[in-house]
Amino acid sequence: MAALATSTKVAVIGAGAMGSGIAHVAARAGHTVYLYDMNADAVARGKAGIEKDLRFLVGKGKLAEAECAATLARVVSSSRIEDLADAGLLIEAIVENLEIKQKLFRQLEDMVGAEAILATNTSSLSITAMGAALTRPARLAGLHFFNPAPRMALVEIVSGLPTDAEVATTLYDTARAWGKVPVRATSTPGFIVNRVARPYYAEGLRVLAERAATPATVDAILREACNFPMGPFELMDLIGHDVNYAVTRSVFDAYFGDKRFTPSLIQQELVLAGRLGRKSGQGFYDYRDGAVKPVATTESPAVAVRAVTAIGHLGVAEALLARFEAAGIEVRREAGEGSGCLRIGAARLALSDGRTATRRAAEEVTPDLVLFDLARDYALTPRLALSRADQCGEQAWCDAVGTLQATGIAVSRVDDIPGLLALRTVCMLANEAADGVVQGIASAADIDTAMRYGTNYPEGPLAWAGRMGASFVTRVLLNLREHYGEERYRVSPLLLRCAQGGSDLLSAEGQSPAI
Ligand code: NAI
């Protein structure tokens with residue numbers, strides 16, 4: 001199977017934000033592209049947008065003037081749908097409505113050759129349902145670009161139940177020939193990215209619902225300690241709460257009310273109030289003139305101790321020890337069983353395992369317990385979230401905080417919730433990714449690729465979970481589940497299996513759909 005030849009004409013139906021971006025990509029790759037919209041002004045605007053983007057690249061020295069002119073000449077503005085009849089690939093990016101899209105595809109199907117491929121850029125509708133209205137549903141697949149299409153590398157190639165495997169493979173190879181990073185997915189609600197990303201928002205919203213940390217603190221931890229490009233609250237404000245809430249609702253409804261995807265009342269309130277984020281001037285943050293952006297909660301300076309004792313191995317947090325030494329703090333080692341911890345003055349400091357500090361202090365009979373959150377790289381993180389047991393004394397808290405501060409780490413105190421901020425978020429992303437593999441939505445490798453290129457996550461959730469260890473991630477999730485008693489935190493069978501059998505999460509291929 002090979003990519004479509006550049007001699008194949010491509011038609012893009014819908015010249016809005018996505019359609020014009022997709023036309024840009026196909027024309028840059030060398031295809032003649034028909035750009036059609038029911039609104040002629042939209043075609044003119046779409047083509048002008050493509051020209052502006054291309055000129056920007058010329059200005060930056062990234063595109064030759066001749067190539068810019070040739071690309072533009074390949075974009076043919078079309079005012080009649082009949083103009084698209086000799087296209088070999090037809091991509092729709094019209095309004096997100098099943099009946100309207102079905103009607104369009106029926107019309108296109110009657111016009112084009114039997115070998116033409118029909119593709120939809122839908123982000124939430126079922127490809128199977130869309131194909132049900134067609135005579136040749138095998139020729140229809142999802143070709144899901146991300147916004148803005150010329151800059152975002154990921155394309156999800158989505159197969160409905162009747163989609164011909166050759167059609168999916170041709171689209172996969174064509175997307176790659178267009179310079180994109182394609183992944184394969186089966187038609188399930190949210191496909192890969194819009195489903196696996198749900199916990200990124202949901203966990204932030206849960207933390208807020210429990211009033212355990214401010215939005216600015218959650219955002220700072222996920223950005224600074226975990227290298228996500230944006231925290232969940234600033235990202236929801238950017239996406240728009242109307243859009244983000246609608247996607248969550250549609251995934252929740254499409255999974256027949258699976259509690260895992262339960263929407264947030266806080267976000268619903270924002271939508272009802274018209275506080276849609278940046279576009280309306282207010283969301284979690286205030287974007288109006290003169291508004292001051294709140295900053296993360298940060299502990300004031302405390303005094304460091306001179307020596308710390310590492311008991312056992314700290315696992316992913318082991319790199320903290322070198323930071324103490326670099327700050328002139330002596331590190332002593334003691335043998336220890338199970339997951340390690342640090343003795344810092346009066347405090348016992350340990351990485352969260354999904355239990356609250358208060359519960360763990362009681363169970364381990366260590367009242368002065370302080371827990372720290374996940375960081376992607378403890379050698380470099382500029383910030384960490386900490387929580388303390390209700391039993392913990394003030395001196396112990398100050399010893400832990402001051403000693404971490406001496407290594408250059410800013411400390412954000414979080415209320416004593418299980419899994420703090422980053423750990424619960426990353427474990428829940430991995431859990432969702434693992435369920436995607438179990439349910440045959442995509443392979444483990446494709447899910448990780450999709451999350452890196454579709455959302456710019458710093459690392460695929462399954463690779464990240466693999467680094468932490470499937471048994472550790474499973475333990476965190478089991479503790480979350482026990483704490484809340486909620487279906488949202490049920491553990492994916494794949495994580496359990498990898499934890500029990502020691503196999504690698506990323507080598508899981510996923511199953512072909514059962515039907
Ligand atoms: P848009 O509103 O910017 O553009 C849609 C265009 O389609 C408009 O110009 C409209 O005149 C035209 N149109 C509507 N019905 C039509 C019809 N029956 N025949 C011909 N033209 C018609 O919308 P946008 O954002 O470009 O989205 C398009 C599609 O892409 C939707 O299915 C959306 O869910 C999907 N999508 C959107 C993303 C985004 O971030 N905006 C990301 C990925 C997918």
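I started with the ring cluster: ring pairs join Y200, Y201, F228, Y457 and W464. Rings of Phe, Tyr and Trp (its six-membered ring) pair if their centres lie within 6.5 Å; planes under 30 degrees apart count as stacked, over 60 as edge-to-face and the rest as tilted. A note on the source: this is a predicted model, where local features need pLDDT of at least 70, side-chain atom pairs count only at pLDDT 80 or more, and totals for chains, interfaces and linings use all residues. Residues are numbered from 1 along each chain as its sequence is written, and side-chain values use heavy atoms, with hydrogens and water left out.

I counted nine aromatic pairs in the structure. F228 and W464 are stacked, because their ring centres are 5.7 Å apart and their planes at 25 degrees.

Next I looked up Y484 and Y489, a stacked pair with 5.1 Å from centre to centre and 20 degrees between the planes. Both Y484 and Y489 are buried.

Then I checked for charges over rings (NZ of Lys or CZ of Arg within 6 Å of the ring centre and within 35 degrees of the ring normal). R376 has its charged end over the ring of W464, 5.8 Å from the centre. R184 lies over the face of Y172, 4.7 Å from the ring centre.

The side chain of N121 puts an N or O atom 3.0 Å from a ligand oxygen atom.

How values were computed: A polar contact is a pair of N or O atoms within 3.5 Å; within protein, one must be able to donate a hydrogen and the other to accept it, and residues adjacent in sequence count only if both atoms are side-chain atoms. Buried means under 20% relative accessible area, exposed over 50%, partly exposed in between (1.4 Å probe, protein chains only).
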